[in-house]
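Hello,

Here is the structure for your files. My notes follow below it.

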Amino acid sequence: MSRRSTRSARPASNCPCGRAEPYDACCGRFHAGAAAPTAEALMRSRYCAFVKGDAAYLLRTWHPRARPARVDLDPGTRWTGLEILEATEGSAFHTTGTVTFRASFRGGSLHERSRFERVQGAWVYVDGEFLDQ
């Protein structure tokens with residue numbers, strides 16, 4: 001008689017950015033070095049960097065002219081979800097783009113319109129405008 005495992009394969013959870021793909025196949029590949037193909041993909045991967053506490057990725061994907069010397073992340077912040085409200089331009093055919101989003105955290109949310117540019121072919125975050133809640 002053969003023994004069958006009673007343990008089932010655990011399904012991979014969705015990426016923190018809200019896509020139905022596992023983190024490694026979604027934003028994790030950008031954190032590992034792949035270039036985000038669109039401004040929205042970069043924005044989603046930056047949100048995931050906040051979730052995962054990856055300050056190095058945030059700095060690496062910040063426009064050189066606007067990049068701070070360092071990023072201090074609050075380890076007590078618990079990010080709970082991302083909602084993309086609008087994305088304009090930001091595809092492989094553009095050099096700029098904007099993404100308007102709401103990022104929720106335990107106790108509140110952040111509503112921002114972020115601007116992105118391509119630098120040497122790679123999308124980078126330029127700055128953002130906080131919008132009324």
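Leu82 stands opposite Ala103 in β2. This is a predicted model, in which local features need pLDDT of at least 70 and side-chain atom pairs count only at pLDDT 80 or more, while totals for chains, interfaces and linings use all residues. Residues are numbered from 1 along each chain as its sequence is written, and side-chain values use heavy atoms, without hydrogens and water.

β1 and β2 (residues 96-105) run antiparallel and are joined by nine bridges. Strands here are DSSP runs of E with at least two residues, helices runs of H or I with at least four, both numbered from the N terminus; two strands pair if DSSP finds at least two bridges between them.

The open sheet has four strands in the order β1-β2-β3-β4, with antiparallel pairing. β1 (79-89) and β4 (122-130) are its edge strands, each pairing on one side only. On average, neighbouring strands are turned by 30° against each other, direction ignored. Helix α2 (residues 39-52) packs on this sheet and touches β1, β2, β3 (108-119) and β4; its direction makes about 160° with that of β1. Contact means heavy atoms within 4.5 Å; axes are lines fitted to C-alpha atoms, for helices over the stretch in contact, and angles run from 0 to 180 degrees between N-to-C directions.

Cys27 touches Cys15, Cys17, Arg44, Ser45 and Cys48, leaving out residues up to four places away in sequence.

Regards
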